[in-house]
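Here's a quick briefing for anyone meeting this structure for the first time. Have a look at the fold, then read on.

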Amino acid sequence: MTLTTITIAVFTIMNFVLSMTASVFGSILDLIAVSLNVSVETAGLLTTMYSYGAACGVPITLIVFRKADRSKLLKIMLAVTIVMSLLLILANSFWQMLIIRLIMGVTAYSYNVLAIAIVASLSAKEKQGRTMAVLIAGNATALAVGIPLTRALSSVLDWRWVFVMLILIMLAALIYFMFRLPHNIKPPVELSIRDELAFFKDKSVLLVIVFSLIMFIGYGALYTYITPFLLAIFPSCGQYMSLILVLVGIASFVGNLIGGVVSDRIGYSKSMLMGGIIQLALLVLLLVFRPSGYIAVALSALWIMSAWFIGLQVNTGIAQATQNRSGFMISLNTSSIQLGTAIGASLAALLGSAAGMRNIIYISIIASVTIIVLHVFASKKN
């Protein structure tokens, strides 16, 4: 069976919703810190805990349920995410919110991995890059529209109402999946745990996973604190922050679409290296032009574009490197992305507290240099 246009649209909308649940706090981090009476670095834990949940819980969840019907498991994970979102709205302490966010990270990203696996399994290989680009476009749309809009309406719209709207959309998607998503969607070949672990011997699979981890350490460091970073180097941009976030979202959307086309033409591996080189060049320019506010904003948007370009490659790459046979390895790659994001955000919080938010860019530069060296070394060895 192939994917219908409506089913792809629902998956894309759900990516929009889950991207909002993951990132919405980042756009209003300074406001959340004030409302909860905590520091900006502490408020960032609401995003970091979500990432740690995704990084640590998803592989365990999917290896335990590796033989389950992917369609049924996807619906269960979505249902639990809806419940957790409702509990987040009702939570009356910061620590309760952190625990709920940890659980949400597990269930929401388990859903995300299953969605990637289902879409990949129902798509023709020669169109996987573009299909994945459409799927991930939901995430980019959240950055381009949803998150900036949340920032713009933050003075009149509490974050809890944002989650109420997201819950309603998730409920509608769950109902659609219950009636329209094919049943008994399983991997092309059922693998034992030993077979799953055998993929660790495949250098192309290992490269994608390690590349994802390191690249997203750099991404998590700068993107999680992009608002305070820009305010630190360009204080007067605060009044334009909603527009800047729209620019950032458009950049991510464009980077994702370009990534899909380039991946189909030259392959995910070459695209990963290209993206890493472009990312490093943009970070160096951003470091040089930090004192020039508007140039720094433009370079930040271009850097995020390059990050989304690379993100498309690693998501497509892990499916192709495993021939879409291993849900565990796909989940492990997603976990590497989330773990990298969480580690990067944690390092940025420490460095930001010690040396100022304007210096967190050095974490991203080191990560970019590392992924380029890693890719070149791995390519020569192969």
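Which residues does F11 touch, leaving out those up to four places away in sequence? They are L74, Y111, A115, I118, V119, L135, F177 and L181, where contact means heavy atoms within 4.5 Å. This is a predicted model, where local features need pLDDT of at least 70, side-chain atom pairs count only at pLDDT 80 or more, and totals for chains, interfaces and linings use all residues. Residues are numbered from 1 along each chain as its sequence is written, and side-chain values use heavy atoms, with hydrogens and water left out.

**Overall build**
- The protein chain has 16 helices and zero strands (DSSP runs numbered from the N terminus: H or I of at least four residues for helices, E of at least two for strands).
- Along its principal axes, the C-alpha trace spans about 55 × 50 × 35 Å.
- Buried residues (under 20% relative accessible area with a 1.4 Å probe, protein chains only) make up 58% of the 382 residues.

**Nonpolar core**
- A nonpolar core is a set of buried Ala, Val, Leu, Ile, Met, Phe, Trp, Tyr and Cys residues joined through side-chain atoms within 4.5 Å.
- In the largest one, with 121 residues, F11, Y111 and F177 touch the most other members.
- Helix α6 (residues 94-121) gives the most to this core, with 15 residues.

Terms used
Buried < 20%, exposed > 50% of the residue type's maximum accessible area, 1.4 Å probe, protein only.
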